Structure formats: C-alpha cells, structure tokens
Amino acid sequence: MPASVPASPGEGHWTDLKLDAIVLGLLLECADDFVPGGVLCDKLDVPRAELLKRIDSLRSRGYVIDTRGGLGYRLVEVPDRLGEAQIGPLLATGELGRRIHHFDEVESTNDEAHRLADAGALHGEVVVADFQTQGRGRRGRSWVAPRGTALTFSVILRPALPATRAPEITLAAAVAVAEAAREMGAPAARIKWPNDVECKGRKIAGLLTELRAEPDRVRHAVLGVGFNVAVQMQDLPEELRPIATSLLLESGERTARPVVCAALLEHLEEWLSLHETEGFAPVAERWRQLSSTLGRRVRITGAGETIEGDAVDLADDGALLVRDADGTLVRVVAGDVEHCAIL
Ligand code: BTN
C-alpha cells in the first residue's frame, strides 16, 4: 500500500481532525490577523491542495473563515454549536473529551453520563447538552441554565481512588474551572468552599461530582459542570439575578461556547492528572490561593447545626477548618457557606 494511503479509514479520519485542529489553533492564535497560506502549509507540512481541504472541512462545521488573495486566511467566527464536530478541533487534551455525546435536551447531563458509564464508557467521555430540564445542583437544589447561553456538561471519570478521597476530585476541578475562567476574561474568579466558582460574590460556575462506588473503590465518578458563558441577567429567574454572573458580564466579550468548553476540559485534564500523579498537596496549595473563603468570617448551614467562625484553612482531606467563638478548630465536611466579614 502506498505510504500516502491511510491504513484504515479511521486513521485517515483522525489525521484529518488533527490537521483541522492545527489549522484552527494557528488561526485562533492570530486572532484578527490573516495567516498566509504558505505559513499554514509549512506548519502542517502539507501541499496547498490539502490545506484547502482542511479549510473546507472547518467551514462545513460552521467555522467562518475569511480568505483574501495574497493575505491568507482569517478566522471570523467560531460556531456556537456544542457538537463533537465543533468542540473536537479546538481540543488539545489527551483523554478528556475523547468522545463527546451531544444532546439538544436532556433531564441532566449527569444522569446521561452515569448511564453511559454503566454501559462501559471510558474515562474522559463527555456529555454536553444545550438544555437540561432537570439540572441538579449541590445539596438537592436544581441548576437553572438558560438555553443557548450556558454550558452544561458532565465528564465520566474512572479514578484509581478510594471513595473517601473523592472530594479531592471536586476541589481539583474547582481549581481548574477558576483558572480557566480567569484566563478567559474573568480575572476576579475565585473559589467559595468547596467548589463554587464566583466573581465578587456572584456565581459563574458550579460543580457537582457524583460517585458510583463499592466499599474499596470508585467504579466511576461523574463530574458535572455548569458554566454561565453568555448568560444575561434578564435570562435568569428573578431570585438568581443578585447572585449570578457570566463570562460575558465579567469580560464584556462573547466567547463561543465550544471555545469555553475546550478551555475547561483542558484545565480539568491538567489538574486531574496533576492530582493523580502528585496527590492532593499541589491542588490544595492552588485552591488556597484561589479561595474567596479563607480569611473570612463564615456562617455554615445545612449540615445539622449552624457553625459561625473564621475560615482558617483547608485540611489535607478537603475539609474546611473553622475557628469558632470559643477558639475551637471545627472541621466542616459539608454545608453551605455564607461569607460574612473579611478578617
Ligand atoms: C452547584 O453549584 O450546585 C452545582 C451545579 C452543577 C450543575 C451541573 S450542569 C451539568 C451537570 N448536570 C447536572 O444536572 N448538574 C451538573
């Protein structure tokens, strides 16, 4: 078989996707500028005819690419659709997002992810939906996300951890989401214990990790992420308006949802693999730096009694350490935190 013919249709398909991703990456890097065709061909190490195929392939998936004779190519618009064809070429991950299951509407992406995981889906497969009819939040609450302007997705994880260490995953994920939000134009993003990502007291993202575990091992975990991308106040129910924000409101710019999804998955992969290789210590250190809870007077409700005191540290297992009025250090493992004064 000649060298230029792929060994199987599958292999050729993945090569095309990889080339599409490289073209897209180069066009994204140059933002509003034209990239000469010759530069793209050199970087891809392909002839002009192959570059034209890649440009056509990206256009067929909704990317708007401007061409000017002599100047080259410029990315004008990234499609806001959330399918694998739109998110895939933007992804530079190894495992997270290796398959993306897209739904127009589901009850909850976490439920779909559990179903797929029970049927054998692999670590890193993602379920994303344009709309959830029964989105779940922490502690039995619902998660409301308007159609078209928010991101709601769940990642199937198969961590080699005992169930007792599962809270570490959520804290690592909160670090990843806060860092991604900061990089994408929300520099005020910080983490409210345990894993709300907020900007100046308004929530931009929430995380919900659910486990299917046996006594000695986690069969799988589903990490659900709700991220307000281009949500405007008028899109939200009245009661959420004083406590919510979005990337659009924080940055003043509209970022396409596939771009946000790819950035979140890349940061998640980075922090989850660091956690896997180096344990919880580096995660806890970054969590402390990004925390909006430590160093504050807090009131914690919803875990039996109400606890009031000063949030002084994050324990080695992810619990919040609060010094109460008697000077006793209390370990808080669950509950809702209300921030009071800064100490
Ligand atoms: C919270 O802050 O209470 C957690 C919110 C988590 C919401 C996400 S949206 C995607 C995934 N599917 C759900 O039903 N919930 C999570």
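Visitor: Asp45, buried or exposed?
Guide: Asp45 is exposed, because its relative accessibility is 69%. Exposed means over 50% relative accessible area, buried under 20%, and partly exposed in between (1.4 Å probe, protein chains only). The model is predicted, so local features need pLDDT of at least 70 and side-chain atom pairs 80 or more, while totals for chains, interfaces and linings use all residues. Residues are numbered from 1 along each chain as its sequence is written, and side-chain values use heavy atoms, without hydrogens or water.

Visitor: Where does Asp45 lie?
Guide: In the loop between α2 (37-44) and α3 (48-60). Helices (H or I, at least four residues) and strands (E, at least two) are DSSP runs, numbered from the N terminus.

Visitor: What is the phi of Asp45?
Guide: Near 60°, a positive value in a residue other than glycine. Lys200 also has a positive phi, near 45°. Lys200 is in the loop between β7 and β8 and is exposed, since its relative accessible area is 70%.

Visitor: Which peptide bond is cis?
Guide: The bond joining Trp193 and Pro194 is cis, with omega about -5°. Pro194 is in the loop between β6 and β7. For background, most peptide bonds are trans, and most residues other than glycine have a negative phi.

Visitor: And Asn195, buried or exposed?
Guide: Asn195 is buried, because its relative accessibility is 4%. Asn195 lies in the loop between β6 and β7 (196-199). Leaving aside neighbours within four places in sequence, Asn195 is in contact with Arg138, Thr170, Ala174 and Leu207. Contact means heavy atoms within 4.5 Å.

Visitor: Ligand next. Which residues are closest?
Guide: Ser108, Gln132, Arg136, Arg138 and Lys203 are the closest of the 20 residues that surround the ligand.

Visitor: How much of the ligand does the protein bury?
Guide: The protein buries 98% of the 410 Å² that the ligand exposes when taken alone. These areas come from the Shrake-Rupley method with a 1.4 Å probe; for residues, only the protein chains shown count as cover.

Visitor: Which element gives the most to the shell?
Guide: β8, with 4 residues. Among the elements that each supply at least two residues are α5 (109-118), β5 (150-157), β8 (202-214) and β9 (217-228).

Visitor: Which residues of α5 are buried?
Guide: Thr109, Asn110, Glu112, Ala113, His114 and Ala117. Their cover includes β3 (100-106), β4 (126-132), β5, β8 and β9.

Visitor: What is at the start of α5, and what follows it?
Guide: At the start, a side-chain oxygen of Ser108 reaches to within 3.1 Å of the backbone nitrogen of Asn110. Gly120 follows α5, and its phi is positive, near 105°.

Visitor: How many residues are in the largest nonpolar core?
Guide: It has 86 residues, and those with the most contacts inside it include Leu151, Val177 and Phe227. Helix α6 (residues 166-183) provides the largest share, 11 residues. A nonpolar core is a set of buried Ala, Val, Leu, Ile, Met, Phe, Trp, Tyr and Cys residues joined through side-chain atoms within 4.5 Å.

Visitor: Where is Leu151, and what does it touch?
Guide: Leu151 is in strand β5 and counts as buried because its relative accessibility is 0%. Not counting residues up to four places away in sequence, Leu151 touches, among others, Leu82, Val128, Phe227, Val229 and Leu264. Leu151 and Val229 are 78 residues apart in sequence and 6.5 Å apart in space, C-alpha to C-alpha.

Visitor: What is Phe227 in contact with?
Guide: Beyond its neighbours within four places in sequence, the contacts of Phe227 include Leu151, Val177, Met184, Ile204 and Leu247.

Note on methods. Near = heavy atom within 4 Å. Polar contact = N/O pair within 3.5 Å; in protein donor to acceptor, adjacent residues only side chain to side chain.
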